[in-house]
Every structure is written in C-alpha cells, then in structure tokens.
Amino acid sequence: MFFSEILNFLYKKSCLFCNNKKENSFFCSKCRKELKFNEFKILRTINEIKIYSCCNYSGIPQKLVRLLKFHNKKFLSSEIAKLMKNYTDILGLDFSDYEIICVPMHKLKKKKRGFNQCELISVELSKLLELPYNFDLIKRIKNTKPMYNLKINERIENLKDAFEVNKKYFHNKKLLLIDDIITTGTTISEIIKSLKKEDITEITCLSFTNTDKSNINIK
Ligand SMILES: [Zn+2]
C-alpha cells in the first residue's frame, strides 16, 4: 500500500504552469481559470478579412504555445484547440459550410521541427468543430527566415511569393484559417493575398494568440 502510494506520487502528473500535483493533471483547474480570453470581438481586419484572436500572447497562453512549439509537448495542441473552440462558441460564430486551413510550414522546416504546430491545432479543432481540414490547398514554397528580428518591411519582403495555392483542392467552401500567434499580421496578410489571387475570398482567420504588435496597419 505504502509503496504504491509512493509510486502514485512519483508518477502523478504535475501542472505544467504551477507544478501542482494535486489534480494529477498537466493543466490544473486553477490555471485554467486564470487563463484570460480576449474580448469577444474582431481583433482587426486584414485586406477586408476578419481576424479573431482568443488570447493575448502572455502568461499561460504564451506558455502553452512555447511548450508545444519548442518543447515538443504535442498533446497541448488539443488543449489549445479546446480553448479556441470555447472562444468561438462564446463569440457565436457560425462555421457551417467551412473548411479549415492553417498557416503552412515549409517542408524543410517541418522536417527539422518534426511537426507544424498550426497543423496539429487545426486537426484537433477540426474534430471539435466537426469541419473538414484541408491539407492541400495552400503550401509554403519558400523557406522563409524566422521573423522575430525582422522589421515590418523585411517581413513583407521575406514572405513575398512564399505561398502557393493549388486551386484543384478548393472545394467551394468558406475557409477558416488557423494560426497560433499573430504578431504583425504579415504572414496572414500574404496568405490572404495568395488566396484572393485565386478568387478565394470567403475567409475568416482565427489565431490562438496575438501580441501587442498585432494592431499595426498593413494592407
Ligand atoms: Zn496549475
């Protein structure tokens, strides 16, 4: 009995955010409650497309994204998707006749990281929203430099012609474009441009997080 209790304690999951083992959970109820959603409204528009973002990129949401992206905690993609689903439920968005796409990663970068976090989130979200996930419509054909140190003009230049839309995979559905973090919005803007070039215009964007830079006006 005593021995099994010790084992139980040792193997109990601790919360990734407060280290508490009480609930035997990676994401305890106290930390869940602490997570703050953004206001339930459009964050901004880019090229006439509505952009929604669930949380500010700080505190627990930031940690969730970092753990997923850089610490290989792939199971957190479903936690993120659940939060995104909650947010859209409260917003009351109607996604009937939608298909999900996500910000694509270049195949070399995906090979290096082993996964595209946006893809993992999108697959989970597509299950929760009961929407098809379209893997093939848009690809990143240019292996772009990391963006965090680039100025806005350099970001735009870096992303020029980075995406390729393959219209043969367009199913006449509206598109829900998923991102994990919106900073300046240049990536989303370039994707929207590429889609619009192919006359695909019914797009809504949903990001899990946004930084404070995300109000910069870009076309
Ligand atoms: Zn916790």
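These legends walk through close-up views of a predicted model. Residues are numbered from 1 along each chain as its sequence is written. Because the model is predicted, local features need pLDDT of at least 70 and side-chain atom pairs count only at pLDDT 80 or more, while totals for chains, interfaces and linings use all residues.

View 1. Five strands line up in the order β1-β2-β7-β6-β3, with mixed pairing. Here strands are DSSP runs of E with at least two residues, helices are runs of H or I with at least four, and both are numbered from the N terminus; two strands pair if DSSP finds at least two bridges between them. β1 (44-46) and β3 (98-102) each have a single partner strand, so one side of each is left without a neighbour in the sheet. On average, neighbouring strands are turned by 30° against each other, direction ignored.

**View 2. Strands β6 and β7 side by side.** Seven bridges join β6 (residues 174-182) to β7 (residues 203-210) in the parallel sense. Look for L175, which stands opposite I203 in β7.

**View 3. Helix α6 across the sheet.** α6 (residues 117-129) lies across β3, β6 and β7, running at about 130° to β6; axes are lines fitted to C-alpha atoms, for helices over the stretch in contact, and angles run from 0 to 180 degrees between N-to-C directions. Its buried residues include L120, I121, L125 and L129, where buried is 20 or more other C-beta atoms within 10 Å of a residue's own, exposed is 12 or fewer, and partly exposed is in between, with C-beta atoms placed from the backbone. The buried residues of α6 pack against α3 (59-70), α4 (76-91), β3, β6 and β7, a contact being two C-beta atoms, placed from the backbone, within 7 Å.

**View 4. Helices α7 and α8 meeting.** The axes of α7 (residues 152-159) and α8 come within 10 Å and cross at roughly 35°. On the α7 side, I152, R155, I156 and L159 meet T186, T187 and E190 in α8.

**View 5. I191 in its surroundings.** Helix α8 (residues 186-197) lies across β1, β2 (49-56), β6 and β7, at about 160° to β6, and I191 is found in α8. I191 counts as buried because it has 28 C-beta neighbours inside 10 Å. Leaving aside neighbours within four places in sequence, I191 is in contact with V103, I138, F163 and L177.
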